[in-house]
Amino acid sequence: MRVFLVDGTYELFRHYYGVPPHRTAEGAEVAATRGVLWSMLRLLEQGVTHLGVATDHVIESFRNDLWPGYKSSAGLDPQLLGQFGLLEVALEAMGVVVWPMVEVEADDALASAAAVAADDPAVEQVVICTPDKDLGQCVRGGRVVQLDRRRRVVYDEAGVTAKFGVGPASIPDYLALVGDSADGYPGLPGWGAKSAAAVLARYGTIEQVPDAPGEWAVAVRNRPALAATLRGLRPQAMLFKDLATLRVDRSLLGGAAELRWTGPTPLFAEVCRRIDAGSLATQTERVAD
């Protein structure tokens, strides 16, 4: 079997900003939710049998306590925030396993489910559906891969290395040095993609990078300045690495078999009616049959 793990938060954002709005007669904005549900149906129509979706039920997480600038719900459109709960209810009614995360993030849930599924000998491949750079750290050979569905690009371990210049294990170190604007931390001043990749390709982790630039033995411009920055801000770099490191909680999933889709629940037709998506219910039933 192949297991598909979907970043529901990314999908909701993508559809919210990518499809025309739609309000129900009761005045609820539901277009993004409908878009995600149709997107999940497309996966099922393509033959996906084992599917799980992770969402950020609460945008804030423990990482906001570690770094005050970490991403939050501040400034997000209430019409978007209001659809997280609706999406979770709708996916459950659709018969899809959903992980609504509160203390940790959807990315952590995806990493946890991927680790459990990858250990299952019945699983041929785990496909993590998100373009999020963080999830690159979960890729393992060709067994656990990352799929950017919008661009239709699959990244195996060689693909991650080609994209970032470092392997999956070094992704948290890479993001710590260059920063991640989507998550709200800036990286270290002066460090860019090329310098971070060159140094980490040699040393693997920030902890292993020596303070003296003469020991780096890599072609990096402004080595003395970069070394001085890392030397002076190493604790901050380690904090950023901690932010970028996904937490794996194997208790999230008992096994890959739990993700098998067996069709929508009896509630799904009513959910679809309330969001003006009656044809979605009909088509989902057809796929289940």
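Predicted model: local features only at pLDDT ≥ 70, side-chain atom pairs only at ≥ 80, totals over all residues.

Colleague: What radius of gyration does the protein have, and what would a compact globule have?

Modeller: The radius is taken over C-alpha atoms, and the globule rule is 2.2 Å times the number of residues to the power 0.38. For 289 residues that rule gives a value near 19 Å, and the protein, at 21 Å, agrees with it. Along the principal axes, the C-alpha atoms fill a box of roughly 65 × 45 × 30 Å.

Colleague: How many helices and strands make up the secondary structure?

Modeller: Helices (H or I, at least four residues) and strands (E, at least two) are DSSP runs, numbered from the N terminus. Here the protein has 12 helices and six strands. As for contacts, which mean heavy atoms within 4.5 Å, residues 24 or more positions apart account for 67% of those with a separation of 6 or more.

Colleague: Which residues touch the most other members of the largest nonpolar core?

Modeller: A nonpolar core is a set of buried Ala, Val, Leu, Ile, Met, Phe, Trp, Tyr and Cys residues joined through side-chain atoms within 4.5 Å. The largest one has 37 residues, and L37, M40, L51, L91 and M94 touch the most other members. Helix α2 (residues 31-45) gives the most to this core, with seven residues. A second, separate core has 32 residues, among them V160, V166, I171 and A176. Returning to L51, and leaving aside its neighbours within four places in sequence, one finds it in contact with F4, V6, M40, L43, L44, V96, V97 and L259.

Colleague: Is T284 buried or exposed?

Modeller: T284, which lies in helix α12 (residues 278-288), counts as buried because its relative accessibility is 0%. Apart from neighbours within four places in sequence, T284 is in contact with L41, M94, W261, P264 and F268.

Colleague: Where is G167 placed, and where is S170 found?

Modeller: G167 is in the loop between α7 (157-164) and α8 (171-178), and S170 is likewise found in the loop between α7 and α8. G167 has 25% relative accessibility and therefore counts as partly exposed, while S170 is buried, with a relative accessible area of 10%. Neighbours within four places in sequence aside, G167 is in contact with V160 and T161; S170, not counting residues up to four places away, touches L200 and G204. The C-alpha atoms of G167 and R140, 27 residues apart along the chain, are separated by 9.6 Å.

Colleague: How should I read R274, and is it buried or exposed?

Modeller: R274 is found in helix α11 (residues 268-274), and at 56% relative accessibility it counts as exposed. Its C-alpha atom and that of Q125, 149 residues apart along the chain, are separated by 36 Å.

Methods:
Residues numbered from 1 in each chain as written. Heavy atoms only, no water. Buried < 20%, exposed > 50% of the residue type's maximum accessible area, 1.4 Å probe, protein only.
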